[in-house]
Amino acid sequence: MNRLGRKFAVTISVCIICIFTFSMLITNYFLPRYYVYRVNQDLNAISKEITSMGYNDFINSVADLDKKYNLTIVYEPISSDEASFNWSLGEQLAKKANDIE
């Protein structure tokens with residue numbers, strides 16, 4: 001291989017290594033942080049919308065919010081017993097998961 005060919009091969013190899021390193025950095029470092037940032041923004045928008053509406057409006061629009069934001073909303077009045085509250089929320093989530101399938 002002549003000198004020009006060797007120089008060309010080294011340049012191409014260095015470019016490929018740089019591109020691979022750059023893509024690995026983006027995939028492993030920046031992408032998870034960006035995903036968390038976007039989820040946080042979406043949750044803030046949803047919570048602002050929910051807190052701005054009244055209780056009856058919220059109850060009537062749960063299905064619309066589920067579809068609009070592609071999420072699952074379950075609600076339960078806060079009771080004094082933590083175990084029954086958690087059990088009730090778990091049951092509602094399981095029911096909605098079965099409805100989706």
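**Helices, cysteines and a surface patch**

Me: Where is the place of L25?
Reply: L25 lies in helix α1, which covers residues 3-52. Please note that the model is predicted.

Me: Is L25 buried, partly exposed or exposed?
Reply: L25 is partly exposed, at a relative accessible area of 48%.

Me: Which residues make the nonpolar surface patch?
Reply: The patch is made by F22, L25, I26, Y29 and F30, and its area is about 520 Å². L25 can be a member because its relative accessible area is 48%, whereas the cut-off for a patch residue is over 30%.

Me: Changing topic to the cysteines: how many disulfides does the structure hold?
Reply: The number of disulfides is zero.

Me: Next, helix α3. Which residues are buried there?
Reply: In α3, residues 62-69, the buried residues are V62, L65 and D66. They sit on the same side of α3 because the arc they cover around the axis is only 105 degrees.

Me: Why would residues spaced like that point the same way?
Reply: An α-helix has 3.6 residues a turn, so residues three or four places apart point the same way.

Me: What is exposed on the other side of α3?
Reply: D64, K67 and K68 are exposed there.

Me: What follows α3?
Reply: N70 follows α3, and its phi is positive, near 55 degrees. N70 is a residue other than glycine with such a positive value. Its place is in the loop between α3 and α4.

Me: Is N70 buried or exposed?
Reply: N70 is exposed, with a relative accessible area of 71%.

Me: Lastly, where is L89, and what does it touch?
Reply: L89 is in helix α4, residues 82-100. Leaving aside residues up to four places away in sequence, L89 touches V74, Y75 and E76.

Me: How far apart are L89 and V74?
Reply: L89 and V74 are 15 residues apart in sequence, and their C-alpha atoms are 6.8 Å apart in space.

Definitions and conventions. Residues numbered from 1 in each chain as written. Predicted model: local features only at pLDDT ≥ 70, side-chain atom pairs only at ≥ 80, totals over all residues. Heavy atoms only, no water. Helix = DSSP H or I, 4+ residues; strand = E, 2+ residues; numbered from the N terminus. Contact = heavy atoms within 4.5 Å. Patch = residues over 30% accessible without salt bridge, like charges linked within 9 Å, V, L, I, M, F, W, Y side chains within 5 Å. Areas by Shrake-Rupley, 256 points an atom, 1.4 Å probe, with all protein chains shown as cover. Salt bridge = Lys/Arg side-chain N within 4 Å of Asp/Glu carboxyl O. Buried < 20%, exposed > 50% of the residue type's maximum accessible area, 1.4 Å probe, protein only. Disulfide = S-S within 2.5 Å. Arc of directions from axis to C-beta.
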